[in-house]
Every structure is written in C-alpha cells, then in structure tokens.
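Subject: Handover of a structure

Dear colleague,

Please find the structure below, together with its sequence.

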Amino acid sequence: MQTLENQTFFPTDKVFSHLFFFSRLFSHDFSFSPSPPPLSTTMRSPQSLRNGDTASPHPRIPPPHHFHSTVSAQKLRRFNTVILIFRLASFCFSLAASVFMLTNSRGSNSLRWYDFDAFRFVVVANGIVALYSLFEMAASVWEISKGATVFPEILQVWFDFGHDQVFAYLLLSADAAGTALARTLRRTNTCTSENAFCVQTDIAIALGYGGFLFLGFSSLLSGFRVVCYIINGSRFHI
C-alpha cells in the first residue's frame with residue numbers, strides 16, 4: 001500500500017498551468033479592426049490637382065470644330081462678292097434700259113414708246129428686273145457682312161435660283177419682242193423721219209440684253225449654290 005501510494009502522483013502544476021491558459025483564452029476580448037475604406041477609382045488629372053479643383057466625374061468633351069475654316073470663309077466671301085458684282089451690273093443695265101425707253105418721246109406729233117405694246121413690255125420687264133436685282137444686292141451685302149442668309153438657307157438658295165430663272169426669261173422675252181418691233185419699224189421706213197426715236201429704242205433694247213446677260217451669270221451661280229446644297233447640305237462647296 002505504501003509502495004502504490006509512493007508510485008501514484010498527480011501533476012498539479014500542469015493542471016494549474018492549463019487552467020490559467022484557458023481562463024486567459026476565454027476572457028480575452030477579440031476586437032476586429034474595420035476594413036480600410038475602398039480606394040477611389042476616379043483618376044484625377046495632374047492639372048486639376050495642382051489648381052485645387054475637384055475632378056469631374058464625366059470626361060471632358062472637346063468643343064466641336066467650326067464648320068467654316070478661315071480659308072473656306074474667305075472663299076465663300078469671294079464667291080458672294082462675285083454674285084454681288086453680277087447683281088449690280090444687272091441692276092444698272094436694266095435700270096438704264098427702262099430710263100432710256102421711258103424718255104423716248106420727242107413731241108406730241110412724234111412717236112411715243114407707250115404707243116407700242118412691245119416697248120411697254122420692255123419697260124415693265126426691265127423695271128421688274130431692276131427692282132429684283134436691287135433686293136438681291138441688299139441680300140448679298142447682308143450675307144457678306146453677317147455671314148448668314150436673309151431667309152433660311154434652303155429657302156434662300158431656291159428663292160434666288162427660281163427668281164433668276166423666271167426674270168431672266170421674262171427679260172429675254174421682252175427684249176426679243178422689242179427687237180422684232182424695232183426691225184419692223186426700220187423696214188417700213190418709219191425710222192427715216194423718226195431716226196432719233198429708233199436709235200434710242202435700239203439703245204434701250206441693247207441695255208436690256210446686257211441686263212439679261214448678267215442676270216444669266218447670276219442664275220448660273222445661284223444654280224451652283226443649289227447643287228452644292230443638295231449634295232453637301234451647304235450653299236457653298238467646302
């Protein structure tokens with residue numbers, strides 16, 4: 001009995017050490033540090049950081065390119081200047097034709113222009129073309145100075161081309177009728193006694209043809225603008 005008691009022992013020191021370990025383990029306060037905030041994915045430009053500005057969430061969009069470059073604007077200005085010159089020439093010739101025919105009266109017993117239908121037609125047609133050319137001159141000056149048409153562009157190009165065609169044929173018809181009547185008067189020896197009347201009539205008709213010629217040039221340029229607008233969406237080929 002004494003031998004067994006001496007051989008049996010209880011490791012009390014290990015038990016105390018284990019109890020101390022578990023007590024510290026369960027009494028320990030486990031605190032978890034919060035996760036760091038997510039990094040911002042927005043990239044800031046160096047210039048905005050230097051100036052102290054906040055970065056925009058939307059990318060910068062470059063301004064749209066202007067439709068007309070400097071060279072194209074100069075070409076358009078020269079083109080409109082050529083049209084203005086033709087309008088001015090048409091106005092001068094048509095107005096002069098009307099004035100020459102209106103003043104073609106020598107006296108109560110002499111021939112008068114309003115006694116003949118063809119000559120009245122010449123006066124009316126040249127007067128209409130002169131007024132129309134005056135309006136188109138003002139529109140051309142406006143377009144050169146402001147860089148825009150008087151009417152909306154699509155209306156302006158068709159207005160110019162359509163009226164150029166109508167008034168050109170009107171003026172040509174009037175001058176042709178006046179020419180036929182003037183030749184008839186010369187064949188009937190009327191111009192023998194009324195030579196001054198016939199000469200002034202011929203001058204008026206010749207001036208009317210000059211107005212038709214320059215109006216025809218204007219019609220070609222206005223037709224070019226119509227074609228450019230149909231193809232490119234602009235009144236001038238850029």
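Predicted model: local features only at pLDDT ≥ 70, side-chain atom pairs only at ≥ 80, totals over all residues.

Which residue just after α8 takes a positive phi? Gly233 does, with a phi of about 75 degrees. Helices here are DSSP runs of H or I with at least four residues, strands are runs of E with at least two, and both are numbered from the N terminus.

Residues are numbered from 1 along each chain as its sequence is written, and side-chain values use heavy atoms, with hydrogens and water left out.

The overall fold

The protein chain has eight helices and zero strands. Along the sequence, its pattern reads α-α-α-α-α-α-α-α. The chain holds 238 residues, and 31% of them are buried. Buried means a relative accessible area under 20%, exposed means over 50%, and partly exposed lies in between, with a 1.4 Å probe and protein chains only.

Helices α6 and α8

Helix α8 (residues 195-232) has 38 residues and reaches 55 Å from its first C-alpha to its last, close to the 56 Å expected at 1.5 Å a residue. The expected span is 1.5 Å times one less than the number of residues in the helix. Helix α6 (153-187) has 35 residues, and its reach of 51 Å between first and last C-alpha is close to the expected 51 Å.

Two packed helices are described by the angle between their axes and the distance between the axes. The axes of α6 and α8 come within 8 Å and cross at roughly 155 degrees. Such axes are lines fitted to C-alpha atoms, for helices over the stretch in contact, and the angles run from 0 to 180 degrees between N-to-C directions. The two helices α6 and α8 are therefore roughly antiparallel to each other. Angles over 145 degrees count as roughly antiparallel, those under 35 as roughly parallel, those from 65 to 115 as roughly perpendicular, and the rest as oblique.

The crossing of α6 and α8 is left-handed. A crossing has this hand if the near helix is turned anticlockwise from the far one by less than a right angle, and it is right-handed if clockwise. The contact of α6 with α8 has 21 nonpolar, 10 polar and seven charged residues. In this division, Ala, Val, Leu, Ile, Met, Phe, Trp, Tyr, Cys and Pro count as nonpolar, Asp, Glu, Lys and Arg as charged, and the others, Gly among them, as polar.

Two residues of α8 may be looked up in the model. Ile205 has its place in helix α8 and is buried, with a relative accessible area of 4%. Its C-alpha atom is separated by 8.9 Å from that of Phe119, 86 residues apart along the chain. Leu213 also lies in helix α8, but Leu213 is partly exposed at 44%. The C-alpha atoms of Leu213 and Ser90 are separated by 7.7 Å, although the two residues are 123 apart along the chain.

Helices α5 and α6

Helix α5 (residues 117-146) and α6 have axes that come within 9 Å and cross at roughly 155 degrees. These helices, α5 and α6, are therefore roughly antiparallel to each other. The crossing in which α5 passes α6 is left-handed. Their contact divides into 17 nonpolar, four polar and four charged residues. Phe121 is located in helix α5 and is partly exposed, with a relative accessible area of 31%. From Phe121 to Leu170 there are 49 residues in sequence and 9.5 Å in space, C-alpha to C-alpha.

Asn189 is found in the loop between α6 and α7 (190-193). Its phi is near 60 degrees, a positive value in a residue other than glycine. Asn189 is exposed, with a relative accessible area of 55%.

How many disulfides does a search of the whole structure find? The search finds one, a disulfide being a pair of cysteine sulfur atoms within 2.5 Å. Cys191 and Cys198 form it, with their sulfur atoms 1.8 Å apart. The link is left-handed, with -85 degrees about the S-S bond. Cys191 is buried at 7% relative accessibility, and Cys198 is buried at 4%. As for other cysteines, Cys228 is buried at 5%, whereas Cys92 is partly exposed at 40%.

A colleague
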